[in-house]
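This report looks at one structure, taking helix packing, sheet arrangement and the surroundings of the ligand in turn.

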Amino acid sequence: MPRNASHRHPRYATGRIIGAHARERASPATVGEAIEACARELTRARVHFGHGTDNARDEAAELVFFVAHLDHARGAGAYALPLNGRQRARIAVLLARRIRERAPLAYLTHRAFFAGLQLYVDDRVLVPRSPIAELILARFRPWIDPRRVRRIADIGTGSGAIALACARAFARARVDALDISGPALSVCRRNIRRLALGARVRALRSDHLDAVRGTRYDILVSNPPYVGRAEMRRLPPEYRHEPASGLAAGRDGLDSVRIILRQARAHLRDRGILVVEVGNTERTLQRAFPRLPFLWPMFEHGGGGVFVLRAQDLDEADVSVSAVARRAKRGRQ
Ligand SMILES: C[S@@+](CC[C@H](N)C(=O)[O-])C[C@H]1O[C@@H](n2cnc3c(N)ncnc32)[C@H](O)[C@@H]1O
């Protein structure tokens, strides 16, 4: 019996014919129609949004604009443009992969947008999405005077998104893009070249700030791993495509942040600031460091869980390696 024998059954045959007609009728002729159709499919498939978009329509728009080589700046003005057969087929393939594989769209298109920059991404790096973008565009005002910023370090740089956006925002600053992952640094270097920022941004392999001992910065910025063990198990499938080392941070999600807090003061100039995203680990962090006067900026474009500390806040609370060791010793005596 031929393997597709069941297709000869009237029920299947009818289904196929109706299906083909329905597809023909629904085949989107324009950019706007394709966005509507993709958004409907994404909603129906209940995919998770959280990698640069937070809703079906925006994600559908990125998919269609990517295939049609359109600039998002054109917005709805491009919706009436016609799509050719190849573009429609490409949209269908990408949409099917997004739904079947549950891969973040950015890994299929190999592009992500951050603070006005377009970056290359693949599954060696997290898809950039930190709300820190908004603080960078505001040049970290009011916490620092942007005119005197000369040195910045991005701890756990991944694609280089934060480091590169900082380099663009602070034209006179040199930026160290640090990451423990060699594969992530390859992606970062590719983005440095793409954006022609090699004269001011260097990618360095470093366990937190270990590779830059003795260097002091005006701004230390980081979106480190901060997902706790229990939450890691509950993450939607899309996050499993991302490198676990970019997300997982021990039992309570604070492994990396604790190290940053201990190392930061020795790497900050006296009027420098530390800016770190901790997401929904915010409350755990405040319980763990009750003496630190964290400032939690509000964001216009969504997101939160980012703290700002001034160098002097770290002086007063003294969370340096030596102070923590001193306290531990006192505790043992
Ligand atoms: C949450 S991802 C952030 C990537 C990028 N900054 C962004 O916002 O898109 C965290 C990054 O920290 C890096 N990382 C993890 N452990 C590290 C460590 N001990 N030292 C330096 N970087 C580390 C990971 O490789 C990953 O690229």
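## Packing of helix 2 against helix 3

In this predicted model, helix 2 and helix 3 form a right-handed crossing.

On the side of helix 2, the contact involves Val-31, Ala-34, Ile-35, Cys-38, Ala-39, Leu-42 and Thr-43, which meet Ala-56, Arg-57, Glu-59, Ala-60, Ala-61, Leu-63 and Val-64 of helix 3. By class, the residues of this contact comprise 11 nonpolar, one polar and two charged.

Six strands make up an open sheet with mixed pairing, in the order 5-4-3-6-7-8. From one strand to the next, the twist averages 15°.

Within this sheet, strand 6 (residues 217–222) pairs with strand 7 (residues 268–277) in the parallel sense over five bridges, and Ser-222 stands opposite Val-276 of strand 7. Helix 10 (residues 255–264) lies across strand 3 (151–155), strand 6 and strand 7, and runs at about 175° to strand 7.

## Surroundings of the ligand

There are 25 residues around the ligand, of which Gly-156, Gly-158, Ile-180, Asn-223 and Gly-246 come nearest. Helix 7 (161–169) and strand 4 (174–179) are the elements that give two or more residues to this shell, and its composition is 11 nonpolar, 12 polar and two charged residues.

Conventions
Residues are numbered from 1 along each chain as its sequence is written. This is a predicted model: local features need pLDDT of at least 70, side-chain atom pairs count only at pLDDT 80 or more; totals for chains, interfaces and linings use all residues. A residue is near a molecule or strand if its C-beta atom, placed from the backbone, lies within 6 Å of it. Helices (H or I, at least four residues) and strands (E, at least two) are DSSP runs, numbered from the N terminus. Ala, Val, Leu, Ile, Met, Phe, Trp, Tyr, Cys and Pro count as nonpolar, Asp, Glu, Lys and Arg as charged, and the others, Gly among them, as polar. Two strands pair if DSSP finds at least two bridges between them. Axes are lines fitted to C-alpha atoms, for helices over the stretch in contact, and angles run from 0 to 180 degrees between N-to-C directions. Two residues are in contact if their C-beta atoms, placed from the backbone, lie within 7 Å. A crossing is left-handed if the near helix is turned anticlockwise from the far one by less than a right angle, and right-handed if clockwise.
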